[in-house]
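Hi there,

Here is the structure I promised to pass on to you. Have a look at it first, and then read my notes below.

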Amino acid sequence: MSVNINATNTNKAAYPDTILSMAETAPDALVLNSDVVTAGPTISGDAPSARLAFISEDPTAEVVKEGALIGEGDPALDELVVRTSKVAILSNMSNESYASAVAGNLVATSARRAVTKKLDSILVANTATEGQPTGLLNTVGINTIDGGKYTDLNPILKAIGACAGNGGTPTAIVMNYATWVNLLTITAKDGRSVVSPDVANAAQPILFGLPVILSTAMPADTVLVSDAAEVIASYSGVTTSVSTDALFAYDSVQLRLTARLGFGVIRPNRLAKVTFTTAA
C-alpha cells in the first residue's frame, strides 16, 4: 500500500483518494486464499447484500453411440444472496508525520495488518449478527467433531471424511498457530511425533494431502476443514481517503480505509469444525 508524500500546504489534489485491490492491501487474507474460498464477483459501491452465482447441480454426461442424438444436459444455475460487512479504519496523523516517508509507510503497513486481521475474523469467526455474514465456524449445518484431548489426528481425519461423505472435496485445513503447536506435540507410543518433522518444518505443511493454513483469526483449539468450492466470497477494493480539513485546528490529517466483504456457504455439510480440549 502506498502513501502520497506531499507538502502540507498544497491543495486537495495533493491528497487524492485511491482505490487499491484487496490483494494489494491484504495479500495474506484468508478471503484471497483459493484453498479456503472461491472468489465471487467484485462488490461495487456500498450494497448491503450481494448476489453470488453458483452451479447447484452439474449436468450428467452420458455415453452416446456414434451418430446418435446427444441429450441435453444443462447445469443448474442458482444464486446465493449474502449480507456484506463494511471494514473501516480511521487514523489521525500530524501533517509532519504524513509528510514523512518512514511514518507514512509505518501507518500503511499497520493499516494493512488491521484490514487483514478483521477480514479473516469475519470470514471464520463472525457470530450470527443481524446484517452481517455469519463466519464459517458458526454456519448452521456444518459438521462438528468433538476432538477431545490432543491425543491423535483422528478427529481431523473424521472431519475430512464427514465432508467427503456429503459429496464434498476438502481443500484446506485451517487453524491457529497454537493449535498447530499442540498437534505437533502429539507423540506415538514409541515416542515419535505423530506429525513428521518434514511436515512440521515445511514452508507449506500438509496433512492427509491437504494444505495446513495457519491464521491468527482462528479460535484456539479449533480446526476448520474447508471445501473451497462450497464457500463463495466477494469483496470490494480498498478505498483510501485523506482529509486535510477534519483536523485543521490540529494541523493534522485523517486517513480512512474502507472495504466491503460478503460470503456464503452453498452446502454447509461439506465443511467441518473440530474442537479440541486442553482440559486435564
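What follows is a short tour of the nonpolar cores and of the aromatic rings.

Please keep in mind that this is a predicted model.

As background, nonpolar side chains in soluble globular proteins tend to be buried together. Here the largest nonpolar core has 34 residues, and Leu 119, Leu 123 and Leu 136 are the ones with the most contacts inside it. Two or more residues each come from strand E4 (76-94), helix H3 (101-125), strand E6 (172-175), strand E10 (231-235) and strand E12 (252-265). Helix H3 gives the most, with six residues.

If you set aside its neighbours within four places in sequence, Leu 123 is in contact with Leu 30, Val 31, Val 37, Gly 135, Leu 136 and Phe 263. Another core, of 22 residues, lies apart from the largest one; Ile 145, Ala 159, Cys 163 and Leu 183 are among its members.

Now for the rings. How many aromatic pairs does a search of the whole structure find? The search turns up one. It is formed by Tyr 150 and Phe 276, whose ring centres are 4.5 Å apart; their planes are at 15 degrees, under the 30 degrees cut-off, so the pair counts as stacked. Tyr 150 sits in the loop between strand E5 (143-149) and helix H4 (154-165), while Phe 276 belongs to strand E13 (residues 272-277), so the pair links parts of the chain 126 residues apart. Tyr 150 counts as buried because its relative accessibility is 16%, and Phe 276 counts as buried at 5%.

Enjoy exploring!

Definitions and conventions: Residues numbered from 1 in each chain as written. Predicted model: local features only at pLDDT ≥ 70, side-chain atom pairs only at ≥ 80, totals over all residues. Heavy atoms only, no water. Core = buried A, V, L, I, M, F, W, Y, C linked by side-chain atoms within 4.5 Å. Buried < 20%, exposed > 50% of the residue type's maximum accessible area, 1.4 Å probe, protein only. Helix = DSSP H or I, 4+ residues; strand = E, 2+ residues; numbered from the N terminus. Contact = heavy atoms within 4.5 Å. Phe/Tyr/Trp six-rings, centres within 6.5 Å; stacked < 30°, edge-to-face > 60°.
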